[in-house]
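Here are a few worked exercises on helix packing, ring pairs and a strand pairing. Grab the model and follow along.

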Amino acid sequence: MKGKIESFFKLKEHNTNIQTEVIAGITTFVTIAYILVVNPSILSAGGMDSGAVFTATAVTSALGTLLMALSTNYPFIITPGMGLNAFMIYTVVLSMGYSWQVALAAFFVEGFIFLIISLTKIREVVLDAIPHSLKLAITAGIGLFITFIGLKSAGIVVDSPSTLVTIFPFHGSMEAGTFSTGGVSAILGLVGIVITALLMIYNVKGNILLGILITWGLGLICQLAGIYVPDPAAGYGSLIPDFSRGLAIPSMAPTFLKMDFSQVFSVGFATIVIAYLFTNISETFGALVGSATKVGVLDDNGKFPRFKNALVSQSVSCMTAAATGTSATTAVVECAAGIAAGGRTGLTSLVTAIMFGIALFLSPIFLAIPSFATAPALVIVGFLMISSLLSIDFSDMSEAMPAFICLFTIPFTYSIVEGMATGFISYVIINALGGKERRKKVSIAMYVIALLFIVKYFFV
């Protein structure tokens with residue numbers, strides 16, 4: 001058996017061994033396992049069943065990562081992407097007014113288009129059509145958006161009639177008698193952010209997941225000590241896991257094959273799919289190329305073998321995610337943790353996929369973790385994403401201004417679609433009117449996309 005594993009994954013050829021690959025696979029899982037907590041928390045805000053989303057997330061991650069392992073022999077992982085889940089609920093469902101069933105259908109269509117792109121040379125054309133500055137701005141804008149969602153979900157930032165948003169009124173909550181719920185949650189969320197940041201400073205493996213667990217642990221102590229008092233009616237449930245059903249796996253029935261294609265021919269649906277597609281392609285390409293660089297398989301032209309296989313794995317996983325009932329998948333950069341631990345082949349990914357399967361039996365623990373404990377993960381991920389701004393050339397106004405418009409529109413309008421729309425439109429207008437040389441930068445695809453967004457605003 002050992003010999004077959006070494007032969008199939010070509011371990012000696014990659015200067016690694018089974019022990020190293022297993023450790024790397026476990027390391028990768030610990031690093032990305034926070035998605036099993038955060039994804040149900042975000043998607044349930046749009047009316048989806050958190051138990052079903054948990055199971056769908058684990059199953060999709062396991063199958064996608066397994067497909068990646070067997071088809072590419074690279075230590076990459078596939079799981080629902082941060083940003084895409086927020087996009088689905090806070091933009092498509094809560095802002096644009098579509099049902100989560102329609103949002104899942106859009107993910108499925110996007111995955112099918114992604115598959116076609118992956119199997120043809122269109123993939124380079126599509127990616128090249130998006131200006132690099134806008135790719136970076138979209139990533140950074142999503143980072144700000146995710147951070148804001150984290151702060152809101154923990155109750156650290158609350159609504160204000162005079163300033164729209166403000167910090168949680170700690171003194172006021174004491175007078176109103178709500179400090180034992182909202183006040184404690186907000187404080188624990190802030191403490192969790194500090195703890196997670198310190199874990200990152202000291203380069204502790206699995207720092208985001210560990211930050212979630214420590215914050216949750218502090219909450220459990222507060223509940224047992226009577227400092228935190230559950231109030232389900234106000235949205236503050238018990239933090240103690242419910243093992244009344246044992247370790248049963250939550251059913252996917254509430255979300256399985258619930259896609260609604262009734263809006264598929266509408267302009268609004270098309271804009272959602274386009275936004276999904278460009279965001280997903282950018283994240284996937286970036287994660288794959290970045291991870292491939294760390295593994296050392298890129299050639300002099302920045303390409304690597306079996307890249308098409310990796311994209312096909314991602315697109316099939318995206319459709320699987322929509323069918324099972326979770327947000328779109330993407331190749332994620334957290335696999336860098338496993339690569340740093342020595343992972344060099346698909347065996348690392350195989351071990352991570354197995355860990356996702358084992359996690360299915362731990363649903364009572366994952367589903368008991370509250371939003372104030374997942375908030376630090378959202379804030380930290382937002383911090384990591386906004387660092388992409390450092391690569392934008394702010395000395396070139398024709399690139400920087402559309403990027404800036406895209407960046408601030410996403411969090412201020414609570415919509416990734418609006419950010420992409422204003423970014424694309426402003427890029428086309430500024431460069432089209434900015435002289436002959438700048439006009440050359442605008443592709444036909446950019447003109448079409450900008451026009452489609454304009455139609456959405458004035459005729460839909």
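**Exercise 1.** At what angle do the axes of helix α8 and α19 cross, and within what distance do they come?

First, some ground rules: this is a predicted model, where local features need pLDDT of at least 70, side-chain atom pairs count only at pLDDT 80 or more, and totals for chains, interfaces and linings use all residues. Residues are numbered from 1 along each chain as its sequence is written, and side-chain values use heavy atoms, with hydrogens and water left out.

Step 1: helix α8 covers residues 132–153 (helices are DSSP runs of H or I, at least four residues, and strands are runs of E, at least two, numbered from the N terminus).

Step 2: the two axes come within 10 Å and cross at roughly 155° (axes are lines fitted to C-alpha atoms over the stretch in contact, with angles from 0 to 180 degrees between N-to-C directions). So α8 is roughly antiparallel to α19 (that label takes angles over 145 degrees).

Step 3: for the contact (heavy atoms within 4.5 Å), Ile-138, Ile-142 and Phe-145 are among the α8 residues, and Phe-424 and Tyr-427 are among those of α19. The contact residues split into 8 nonpolar, 2 polar and no charged (Ala, Val, Leu, Ile, Met, Phe, Trp, Tyr, Cys and Pro are nonpolar, Asp, Glu, Lys and Arg charged, the others, including Gly, polar).

**Exercise 2.** Work out how α18 packs on α19.

Step 1: α18 spans residues 397–413 and α19 spans residues 416–432. Their axes lie 7 Å apart, at an angle of about 160°, which makes α18 roughly antiparallel to α19.

Step 2: the α18 side of the contact includes Met-401, Ile-405 and Thr-409, while the α19 side includes Met-420, Gly-423 and Tyr-427. Sort the residues and you get 9 nonpolar, 8 polar and 2 charged.

**Exercise 3.** Classify the ring pair Phe-404 and Phe-408.

Step 1: the structure holds 13 aromatic pairs (ring centres of Phe, Tyr or Trp, using its six-membered ring, within 6.5 Å). In this one the centres are 4.9 Å apart and the planes sit at 65°, so call it edge-to-face (over 60 degrees; under 30 is stacked, the rest tilted).

Step 2: both sit in α18, 4 residues apart, so about one helical turn separates them.

**Exercise 4.** Describe how β2 pairs with β3.

Step 1: β2 (residues 157–160) and β3 (residues 164–167) run antiparallel, joined by 4 bridges (pairing takes at least two DSSP bridges).

Step 2: 3 residues lie between the strands, which form a hairpin. Val-158 faces Thr-166, and Asp-159 stands opposite Val-165.

Key
Parallel < 35°, antiparallel > 145°, perpendicular 65-115°, else oblique.
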